[in-house]
Amino acid sequence: MEKRAAAEKRAAAVIIIGGGIMACATAYNLAKRGQRDILVLEKKEIGNGGSCRNAGGVRQSARDVRELPLAMYAVANIWPALSEELDIDVEYEQQGNLRLGKTEAHLGILTDHTKKSTSAGLDVKMITGEEAREICPYISEEVIGASWCPTDGHANPLKTTLG
């Protein structure tokens, strides 16, 4: 994939709108599969939008069940080797994800997400506030329960997008 200023190139076999992580991943994977005529259009700079201004969650928990197969595949097969493949440290760490509940209403939402996710094959479970504090001792005593997905993680979104 040849990099040129968008002003120079006006047509392509594949045009991708936006320069965030999904757009860059799409262009990268198309190029890996042999597509060389790709144009990524971004109004500012690649990686200058929301993809690079977030916490970098690599998360499966509490996703729409239609997204889960792709998210689970990525956690098992893409993220662990991505730094090596891109030759840049994307700072990926798989340390789990707690989604916290302070009220019975919060716990009801988390329980619903957990049931849907486990039915799709995700390793996620409901735990008590005490169990959540065993995982992260700094969690407020106001937390009465949480969902816990040990295979969730996080990465540096800017490094990943630019990589």
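Student: Which residues line the largest cavity?

Tutor: This is a predicted model. In it, the lining of the largest cavity is made up of Ser61, Ala62, Arg99, Leu110, His113, Thr114, Ser117, Val124 and Ser147.

Student: What volume does the largest cavity have?

Tutor: About 40 Å³. The structure holds one cavity of 30 Å³ or more.

Student: Which helix gives the largest share of the lining?

Tutor: Helix α4, residues 104–119, with four residues.

Student: And how many of the lining residues are nonpolar, polar or charged?

Tutor: Three are nonpolar, five polar and one charged.

Student: Arg99 is on that list. Which residue stands opposite Arg99 in β6?

Tutor: Ser147, another of the lining residues. The two strands, β4 and β6 (residues 145–149), run antiparallel and are joined by five bridges.

Student: In what order do the strands of that sheet come?

Tutor: The order is β4-β6-β5, three strands in an open sheet with antiparallel pairing. β4 (97–101) and β5 (125–128) are the edge strands; each has a single partner, so one side of each lacks a neighbour in the sheet. From one strand to the next, the twist averages 30°.

Student: What holds strands of a sheet together, in general?

Tutor: Strands pair through backbone hydrogen bonds, in either the parallel or the antiparallel sense.

Student: Where is Ala62 found, and is it buried or exposed?

Tutor: Ala62 sits in the loop between β3 (57–58) and α2 (68–77). Its relative accessibility is 18%, so Ala62 counts as buried, the cut-off being under 20%.

Student: Which other residue has a positive phi although it is not a glycine?

Tutor: Glu91 has one, at about 60°. Glu91 is also in a loop, the one between α3 (79–86) and β4. With a relative accessible area of 33%, Glu91 is partly exposed.

Student: Changing topic: in what sense do β1 and β2 pair?

Tutor: In the parallel sense, over four bridges. β1 covers residues 14–17 and β2 residues 38–41.

Student: Which residues in β2 are the bridge partners of Val14 and Ile15?

Tutor: Val14 has Ile38 as its partner in β2, and Ile15 has Leu39.

Student: What unit do β1, α1 and β2 make?

Tutor: A β-α-β unit, and a right-handed one, with helix α1 spanning residues 21–32.

Student: Take Ala23 in that helix. Is Ala23 buried or exposed?

Tutor: Buried, because its relative accessibility is 8%. Ala23 also has a C-alpha distance of 9.9 Å to Ser51, although the two are 28 residues apart along the chain.

Student: What about Arg133, where is that and is it buried or exposed?

Tutor: Arg133 is in helix α5, residues 129–135. At 12% relative accessibility, Arg133 counts as buried. Its C-alpha atom is separated by 9.7 Å from that of Gly145, which is 12 residues away along the chain. Gly145 belongs to strand β6 (residues 145–149).

Student: Now the whole chain. How many helices and strands does it have?

Tutor: Six helices and seven strands. Starting at the N terminus, the elements run β-α-β-β-α-α-β-α-β-α-β-β-α.

Student: What does the C-alpha trace span, and what percentage of the residues are buried?

Tutor: Along the principal axes, the trace spans about 60 × 30 × 30 Å. Of the 163 residues in the chain, 32% are buried.

Notes
Residues are numbered from 1 along each chain as its sequence is written. This is a predicted model: local features need pLDDT of at least 70, side-chain atom pairs count only at pLDDT 80 or more; totals for chains, interfaces and linings use all residues. Side-chain values use heavy atoms; hydrogens and water are left out. On a 1 Å grid over the protein atoms alone, a cavity is a set of points where a 1.4 Å probe fits but cannot get out, and a pocket is an open set with protein on both sides within 12 Å along at least five of seven lines; lining residues have an atom within 4 Å of a point. Grid points are joined across faces, edges and corners, and a volume is the space filled by probe spheres set on the points. Ala, Val, Leu, Ile, Met, Phe, Trp, Tyr, Cys and Pro count as nonpolar, Asp, Glu, Lys and Arg as charged, and the others, Gly among them, as polar. Two strands pair if DSSP finds at least two bridges between them. Axes are lines fitted to C-alpha atoms, for helices over the stretch in contact, and angles run from 0 to 180 degrees between N-to-C directions. A crossover is right-handed if, with the strands pointing away from the viewer, the path from the first strand over the helix to the second runs clockwise. Buried means under 20% relative accessible area, exposed over 50%, partly exposed in between (1.4 Å probe, protein chains only).
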